[in-house]
Amino acid sequence: MATYLEFIQQNEERDGVRFSWNVWPSSRLEATRMVVPLACLLTPLKERPDLPPVQYEPVLCSRPTCKAVLNPLCQVDYRAKLWACNFCFQRNQFPPAYGGISEVNQPAELMPQFSTIEYMIQRGAQSPLIFLYVVDTCLEEDDLQALKESLQMSLSLLPPDALVGLITFGRMVQVHELSCEGISKSYVFRGTKDLTAKQIQDMLGLTKPAMPMQQARPVQPQEHPCASTRFLQPVHKIDMNLTDLLGELQRDPWPVTQGKRPLRSTGVALSIAVGLLEGTFPNTGARIMLFTGGPPTQGPGMVVGDELKIPIRSWHDIEKDNARFMKKATKHYEMLANRTAANGHCIDIYACALDQTGLLEMKCCANLTGGYMVMGDSFNTSLFKQTFQRIFTKDFNGDFRMAFGATLDIKTSRELKIAGAIGPCVSLNVKGPCVSENELGVGGTSQWKICGLDPTSTLGIYFEVVNQHNAPIPQGGRGAIQFVTHYQHSSTQRRIRVTTIARNWADVQSQLRHIEAAFDQEAAAVLMARLGVFRAESEEGPDVLRWLDRQLIRLCQKFGQYNKEDPTSFRLSDSFSLYPQTIAQWRKAGYQDMPEYENFKHLLQAPLDDAQEILQARFPMPRYINTEHGGSQARFLLSKVNPSQTHNNLYAWGQETGAPILTDDVSLQVFMDHLKKLAVSSAC
Amino acid sequence: MQISGAVAPAPPSSGLGYGPPTSLASASGSFPNSGLYGSYPQGQAPPLSQAQGHPGIQTSQRSAPSQASGFTPPASGGPRLPSMTGPLLPGQSFGGPSVSQPNHVSSPPPQALPPGTQMTGPLGPLPPMHSPQQSGYQPQQNGSFGPARGPQPNYGSPYPAAPTFGSQSGPQPLPPKRLDPDAIPSPQLSELPPQQKTRHRIDPDAIPSPIQVIEDDRNNRGTEPFVTGVRGQVPPLVTTNFLVKDQGNASPRYIRCTSYNIPCTSDMAKQAQVPLAAVIKPLASLPPEEASPYVVDHGESGPLRCNRCKAYMCPFMQFIEGGRRFQCCFCSCINDVPPQYFQHLDHTGKRVDAYDRPELSLGSYEFLATVDYCKNNKFPSPPAFIFMIDVSYNAIRTGLVRLLCEELKSLLDFLPREGGAEESAIRVGFVTYNKVLHFYNVKSSLAQPQMMVVSDVADMFVPLLDGFLVNINESRAVITSLLDQIPEMFADTRETETVFVPVIQAGMEALKAAECAGKLFLFHTSLPIAEAPGKLKNRDDRKLINTDKEKTLFQPQTGAYQTLAKECVAQGCCVDLFLFPNQYVDVATLSVVPQLTGGSVYKYACFQVENDQERFLSDLRRDVQKVVGFDAVMRVRTSTGIRAVDFFGAFYMSNTTDVELAGLDGDKTVTVEFKHDDRLNEESGALLQCALLYTSCAGQRRLRIHNLALNCCTQLADLYRNCETDTLINYMAKFAYRGVLNSPVKAVRDTLITQCAQILACYRKNCASPSSAGQLILPECMKLLPVYLNCVLKSDVLQPGAEITTDDRAYVRQLVTSMDVAETNVFFYPRLLPLTKSPIESTTEPPAVRASEERLSNGDMYLLENGLNLFLWVGASVQQGVVQSLFSVSSFSQITSGLSVLPVLDNPLSKKVRGLIDSLRAQRSRYMKLIVVKQEDKLEMLFKHFLVEDKSLSGGASYVDFLCHMHKEIRQLLS
């Protein structure tokens with residue numbers, strides 16, 4: 001057998017799954033002592049050029065509480081045409097279409113190489129993808145111009161039959177009607193007034209005219225489609241029209257007096273966008289793309305007032321509970337995000353400004369719906385332009401790399417339960433036998449909704465081993481997990497991707513080394529980081545840091561080789577050596593979810609060619625700063641690299657060249673020293 | 001408002017009786033107009049003693065002593081005209097029975113009169129509405145009439161039972177030989193046709209004739225210019241064409257008073273009950289021969305004002321101390337003359353530059369206002385017009401929207417301009433609406449207009465700033481494109497519901513955002529029932545008529561409209577409303593905002609393009625083109641002793657002195673009532689100064705000042721001699737029309753009747769020579785008061801007929817509120833012009849005839865107009881040739897009844913009649929749609945409604961009946 005490294009890599013490529021532990025501790029108690037929970041990173045739509053979808057529907061276990069999909073791990077009785085569910089052990093009859101199966105004539109889903117398989121569903125009406133642009137007009141002239149160009153360009157990238165809509169906002173919010181000839185028409189809303197979905201739909205004329213009591217006039221058949229499609233039109237029909245409309249877009253005309261911020265009604269604009277789609281296309285794939293150039297300054301969701309003399313909230317304000325608008329704004333955007341998620345739509349936020357734009361308050365919009373959040377200095381930068389363009393890239397099949405309205409359903413074998421998920425998803429609150437009572441992340445359910453996802457979207461899924469210590473699992477026993485993802489493919493088909501995996505159980509007492517060897521420290525670092533971030537949402541920052549530290553120390557105590565009270569004796573196996581460093585990095589990054597920074601170090605250490613290559617591959621496009629030693633921009637770099645020299649220890653270390661790095665972070669060396677000391681300490 | 005509060009008359013009147021002796025001559029000479037109606041039939045021509053037997057109506061001749069001064073009461077007789085009165089001739093009686101009857105309704109039938117007593121006697125059954133003893137109304141006069149209303153005890157005895165009343169046995173206090181200039185001889189014997197005599201009725205020719213009075217005034221005063229230099233002059237009647245020369249007092253085109261000689265004390269005023277009021281039309285348009293007010297620019301220091309009362313410099317200010325100071329003519333405060341304004345005085349104490357300075361020599365002039373007079377201390381921007389067009393189903397279906405958009409394309413070139421400006425400074429904007437609003441961006445840089453829909457009508461706002469209000473010339477292409485597209489865009493609309501308040505709010509907010517004043521032109525079709533602020537329900541209920549709740553029909557349904565109006569006024573947003581209802585739209589509520597913002601309401605019921613296009617377009621053109629002052633405040637200052645206490649018109653008041661007008665045009669009038677707060681002085685008279693601060697249509701802030709000096713009198717006779725009945729009626733109508741908002745209509749009518757009776761009784765008691773109580777003696781200047789007042793009383797608002805809708809009543813009510821004197825005059829007493837009596841080649845208007853069916857000859861045709869309606873009545877036996885040349889049909893029966901356009905025919909009669917119609921229309925501020933009415937046709941009922949001297953279907957009294965009733969009321973007061 002290959003090394004675990006290869007095994008991990010192989011599994012990731014085939015199934016899009018990486019577990020923290022690839023050999024599972026066989027009892028609850030032992031699992032808890034492992035410190036790093038049994039969990040996996042799941043990339044539901046992992047790109048599989050070699051995996052053509054099958055054109056039929058999956059066969060499900062007939063037990064209503066199970067409904068697992070037939071998979072290679074199932075035992076099949078070819079003679080009796082029966083199969084046993086490997087999760088609930090229910091014996092199922094094959095459907096009539098499977099009449100001809102035999103050991104040599106197996107359907108794809110029974111073949112081991114199809115541990116991940118994708119089904120194409122023909123049922124149900126297909127509806128086109130929807131792109132709703134929500135555009136801030138309180139921008140500087142060149143910013144707006146750049147944004148307009150990007151948007152115009154994007155029209156040529158959209159699928160021709162996709163529906164597109166335009167909402168612009170500044171002091172007011174304008175919903176543009178795209179269907180009319182001659183006079184261009186838009187519906188205007190006050191930027192300060194919170195409207196319910198019903199009000200928005202009434203005002204946009206989306207509700208069917210109520211005809212109380214009198215059925216005299218039959219409803220005209222085309223009336224409804226007309227109403228809803230006034231704002232959302234197929235790209236191929238109105239791209240000229242929309243190009244002109246975008247071209248004529250002006251900066252918000254309302255005067256901004258000296259000392260004021262422009263009045264920006266982001267909250268209402270987003271609310272209207274959500275309400276519009278909610279009323280017209282619930283549960284179809286739709287992307288609300290918000291482009292904003294500054295913080296919301298009025299109405300629901302405002303983050304800062306329009307007085308320039310009062311600066312936008314800082315971390316300091318937030319810690320002191322002194323951020324006046326934060327709670328209300330966060331609540332507003334959360335409400336919107338939840339509604340959007342319920343409708344299966346997603347929200348992207350493209351925030352380009354030198355100052356803050358209130359992403360903190362708005363983050364849930366992207367987080368809960370699987371949207372992108374991109375932050376840049378200006379719309380007139382390649383960072384934004386290329387990132388935006390990259391959203392519309394296509395895969396090897398010529399399909400857009402995006403999918404919508406997914407539900408992820410997870411089945412586990414009996415020894416495992418699902419503790420929760422962390423990622424761009426919301427719970428569907430589906431209780432079942434495999435749902436754990438202990439929650440990690442978004443728990444209490446076996447199903448989640450992921451409104452927008454692409455081939456790299458990854459969730460952290462956390463499990464709990466529930467097998468009791470006194471009920472050992474037979475040697476060689478395997479646990480299985482099945483991930484079933486229903487989603488709307490960018491080609492508008494409904495698809496189901498099923499991934500079924502299995503791992504060996506091992507007894508910690510006797511097989512610790514096995515388990516240790518099967519530790520995926522990268523995955524573990526990420527999974528722990530997600531947990532840390534998730535906890536930070538609700539807990540105080542220092543507490544989370546302390547928790548992370550303690551977990552790390554416990555891990556080292558468990559797996560390190562050392563003599564008690566002797567830090568110098570401490571040694572970790574290869575499979576663990578990177579983990580503390582990564583954690584150190586994460587620790588420094590605090591609880592900000594900025595994965596690009598993790599790679600920054602590598603990026604900047606690589607030659608420029610490498611940099612370009614990486615720039616091309618990453619999404620969102622990283623901010624690329626070319627600097628040199630001593631250059632002013634070097635501070636960005638220095639603040640991220642391992643601060644082995646700081647103002648604290650410069651003179652102690654003394655000899656080497658280079659400027660001290662002004663940071664509160666400890667150097668990795670110091671960190672490791674402390675870690676070792678604590679790990680070997682018996683007091684801990 | 002109590003009628004008792006009313007004081008201050010000011011009527012136009014025949015040229016008699018005041019002023020120069022010449023008028024005396026004319027008075028005596030032309031007897032007919034002197035009020036001796038009986039006499040003008042040759043019968044009792046010089047009605048000396050022999051005339052006296054005639055009972056009846058007398059108008060007291062103004063016994064023209066040379067000036068207002070020194071008038072002696074008629075009793076002293078001297079130079080005045082002889083007239084009948086005195087003892088009744090045997091066998092003659094007037095008003096007999098009714099007088100003795102406390103309740104005229106039950107007055108004994110005419111036959112009770114001794115045979116042979118003619119005409120006057122029984123006053124017929126009196127109209128039910130005046131029943132004197134209805135307790136509903138307490139005459140609140142000052143003591144002088146005492147308990148007049150408790151009729152029975154005393155008058156019962158002097159005038160014992162009815163039948164004999166007329167006879168000489170009646171208590172006739174006067175010596176038989178007395179000449180009484182005020183008495184009207186009864187026409188009876190001489191001229192009444194026999195059969196009339198037997199009917200015991202009053203000869204209509206014997207009672208004061210409006211036509212005669214108007215004619216006389218035209219003849220007497222229409223030739224010479226009216227020079228305003230002399231204090232207290234009564235101007236010619238509004239029906240007379242005359243030129244005005246401003247020599248220190250405001251032209252009567254700007255200000256008319258109920259009386260030009262006001263009592264010195266409030267006691268006198270209370271006794272007379274003559275309302276003291278001025279009807280002010282600050283921006284009146286002038287005939288081309290008269291110069292509009294000069295604009296005075298005092299530079300940065302602004303207009304010179306009294307430090308204490310803030311009155312503006314005017315010709316009545318007294319310069320003293322060699323010109324270094326001036327004494328305010330209003331409050332007597334002594335002010336320093338600023339150095340830059342100093343000028344020496346001549347030997348008469350007048351500034352030597354008096355005639356170079358309009359403010360020192362003219363009655364009316366303007367000041368350029370400084371920035372202190374501007375809102376927020378900022379010079380105003382040019383105003384804007386916003387056209388707000390209902391595009392609901394009804395508006396589209398009738399073709400209104402298409403018509404309007406087509407018209408606007410050309411009409412916008414005629415926005416009002418300042419002086420010789422090349423283009424109008426006014427910017428325009430467009431909104432269409434049904435239950436949502438559509439704003440249009442018509443910025444010149446756009447290829448196509450942009451529509452912005454605002455559906456949030458509950459919380460209205462303006463969605464755009466730039467491109468909404470534009471210069472017409474810059475954005476012409478976009479605007480034209482918009483106006484082309486509007487009818488198309490909504491051609492298939494099914495939306496029937498409309499909103500109203502949000503529309504006005506939107507307009508107002510747009511003006512606010514643009515920081516300017518302006519005017520909204522609203523074209524609206526239906527009751528606003530869509531869910532929005534100001535939503536209305538149909539609450540029309542004819543059953544309320546004649547109940548205590550009738551007033552609710554005139555009141556707005558909700559307070560939202562007043563609140564909105566208030567906001568509009570604060571912004572200088574004037575609203576003109578064009579209504580095109582098919583059914584009840586609640587004019588009473590919808591007109592609140594136009595009314596309070598100085599706007600106009602136009603109503604085209606059941607609008608159809610074919611029939612109403614001309615009328616609507618003509619009104620629209622005039623309305624859009626007329627010069628308007630925006631964001632105006634009017635203040636009327638008075639000299640010590642009197643004070644402006646009440647105001648009537650289309651405006652808003654947030655305090656008791658400032659009349660705020662979001663917009664004020666040349667048609668709008670404010671009637672101001674004055675009361676005494678101190679004693680006045682005959683010598684110094686009384687001064688009025690009306691100051692109007694406004695923004696011109698080019699955005700210039702100005703002050704227009706009108707000054708008027710009035711005489712004061714210690715003798716009531718002077719008051720009565722200098723009254724103007726037309727102005728009085730204007731005041732009384734407005735007073736009554738406002739009264740219906742708060743009081744039952746019947747109470748309002750009774751108030752008017754009582755006041756009128758008190759006015760006349762006071763005259764009779766204090767000014768007329770003693771005569772038989774059976775005689776009705778009217779002051780010369782007020783001899784038309786009864787007939788005109790009767791017209792007011794029987795008008796649609798105060799006495800609705802079955803055919804008049806609630807909306808029409810509310811509409812008329814608010815129209816009258818801002819009418820000037822000429823308009824109320826013709827509105828209440830329509831003009832009836834015979835068409836074939838005068839020679840066909842005559843170019844002048846034919847002399848009018850009295851508005852009574854009796855005056856119609858079935859061989860003739862008549863035009864009748866009242867400023868709003870225009871009828872052509874065709875007699876059944878009109879010559880065929882006439883029919884042919886006018887209607888191009890061969891016989892009477894072929895004339896289409898209800899025709900509204902006369903065929904254009906090339907013959908003198910057709911040309912003349914059409915020319916006459918055009919000229920009548922040109923005189924009125926609203927287009928009068930012609931209706932051709934054939935005698936004996938069913939449309940004739942409509943026409944007859946305007947024959948105001950006749951009894952009306954709705955129960956209104958005939959002139960004669962009312963006069964008799966009035967007589968009785970007076971006698972009750974006197975006894």
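Select the residues of chain A and chain B that have heavy atoms within 4.5 Å of the other chain: the contact takes 18 residues from chain A and 25 residues from chain B. This is a predicted model, in which local features need pLDDT of at least 70 and side-chain atom pairs count only at pLDDT 80 or more, while totals for chains, interfaces and linings use all residues. Residues are numbered from 1 along each chain as its sequence is written, chains are lettered from A and ligands numbered from 1 in the order in which they are written, and side-chain values use heavy atoms, with hydrogens and water left out.

Together the two chains bury about 1900 Å², 58% of it on carbon and sulfur atoms, where buried area is the accessible area (1.4 Å probe) lost on putting the two parts together, summed over both.

Next, show the side chains of A:Lys193 and B:Asp456, which meet in a salt bridge at 3.0 Å, N to O. The count between chain A and chain B is three salt bridges, each being a side-chain nitrogen of Lys or Arg within 4 Å of a carboxyl oxygen of Asp or Glu.

Now colour the strands, which are DSSP runs of E with at least two residues, numbered from the N terminus. On the side of chain A that touches chain B, the elements giving two or more residues are strand S10 (172-177) and strand S11 (184-190) of chain A, and S11(A) supplies the largest share, seven residues.

Stay with S11(A), which runs parallel to strand S15 (residues 450-454) of chain B and is joined to it by five bridges; two strands pair if DSSP finds at least two bridges between them. Within this pairing, A:Ser186 has B:Met452 in S15(B) as its bridge partner.

Finally, select residues 58-98 of chain A, which an unreviewed UniProt entry annotates as "domain: Zinc finger Sec23/Sec24-type". This span is 0% helix and 22% strand, and its end C-alpha atoms are 12 Å apart.

Notes: Helix = DSSP H or I, 4+ residues; strand = E, 2+ residues; numbered from the N terminus. UniProt positions renumbered as here; feature names shortened; annotations may be inferred.
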